[in-house]
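Let's walk through this structure together, from the overall fold down to single side chains. Keep the view open beside you as you read.

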Amino acid sequence: NSPWSKLARFIRPKIIVTLGRYSMAKFLPRETISKAHGKPQKVGDVVVLPVHHPAAALYQQTLRRTLEEDFRKIPALLKEASQVPEARHEPKQLGLF
């Protein structure tokens, strides 16, 4: 059990907004940030909203609008957390090389 897991059980958040691919991988290990950003998924009892890391918008100005749009979804998600679909954990086909 990681310190984060213990803290999450204590706090019991409705939503977790992951900033970037590394924090997203904790909850959605088979996803890529470019495909998953802005798409909330339920993982256990918590809604996970992956977003690009804010620093990414400093390096790629095109991500700024995307990041802002993703953050604007948070208030509605807090109201509708129970309606978010469960994350799909489909097996990933691995290549030989």
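A residue is called buried when its relative accessible area is under 20%, exposed when it is over 50%, and partly exposed in between (1.4 Å probe, protein chains only). This is a predicted model, in which local features need pLDDT of at least 70 and side-chain atom pairs count only at pLDDT 80 or more, while totals for chains, interfaces and linings use all residues. Residues are numbered from 1 along each chain as its sequence is written, and side-chain values use heavy atoms, with hydrogens and water left out.

Start with the whole chain. It holds 6 helices and 3 strands, where helices (H or I, at least four residues) and strands (E, at least two) are DSSP runs numbered from the N terminus. Along the sequence they follow the pattern α-β-α-α-β-β-α-α-α. Of the 97 residues, 32% are buried. The accessible surface comes to about 7,500 Å², and carbon and sulfur atoms supply 57% of that area; such areas come from the Shrake-Rupley method with a 1.4 Å probe, and for residues only the protein chains shown count as cover. Contact means heavy atoms within 4.5 Å. Among the contacts with a separation of 6 or more, 52% link residues 24 or more positions apart.

Now look for the sheet. Its 3 strands form an open sheet in the order E1-E3-E2, with mixed pairing. Strand E1 (15-19) and strand E2 (41-43) are the edge strands, each pairing on one side only. Two strands pair if DSSP finds at least two bridges between them. On average, neighbouring strands here are turned by 35° against each other, direction ignored. Strand E3 (residues 46-51) runs parallel to E1, and 5 bridges join the two. To find one of these on screen, go to Val-17, whose bridge partner in E3 is Leu-49.

What does Gln-41 touch, leaving aside its neighbours within four places in sequence? This residue of strand E2 is in contact with Leu-28, Glu-31, Val-46, Val-47, Val-48, Val-84, Pro-85, Ala-87 and Arg-88. With a relative accessibility of 12%, Gln-41 counts as buried.

Next, find the helix that lies across E1 and E3: this is helix H5 (residues 62-72), running at about 165° to E3. Axes are lines fitted to C-alpha atoms, for helices over the stretch in contact, and angles run from 0 to 180 degrees between N-to-C directions. Phe-71 sits in H5 and, beyond its neighbours within four places in sequence, is in contact with Val-17, Leu-19 and Val-51. Phe-71 and Val-17 are 54 residues apart along the chain, yet their C-alpha atoms are separated by 8.8 Å. Phe-71 counts as partly exposed because its relative accessibility is 34%.

Finally, turn to the charged side chains. A salt bridge is a side-chain nitrogen of Lys or Arg within 4 Å of a carboxyl oxygen of Asp or Glu, and the whole structure has 3 of them. Glu-68 pairs with Arg-64 at 3.0 Å, N to O, and with Arg-72, where the closest N and O atoms are 4.0 Å apart. Arg-72 and Glu-68 are 4 residues apart in helix H5, so about one helical turn separates them. Glu-68 is partly exposed at 32%, whereas Arg-72 counts as exposed at 58% relative accessibility. Asp-70 and Lys-73 meet in another salt bridge (3.9 Å, N to O); Asp-70 is buried, with a relative accessible area of 3%, while Lys-73 is partly exposed at 35%. Shared partners join Arg-64, Glu-68 and Arg-72 into one network of salt bridges.
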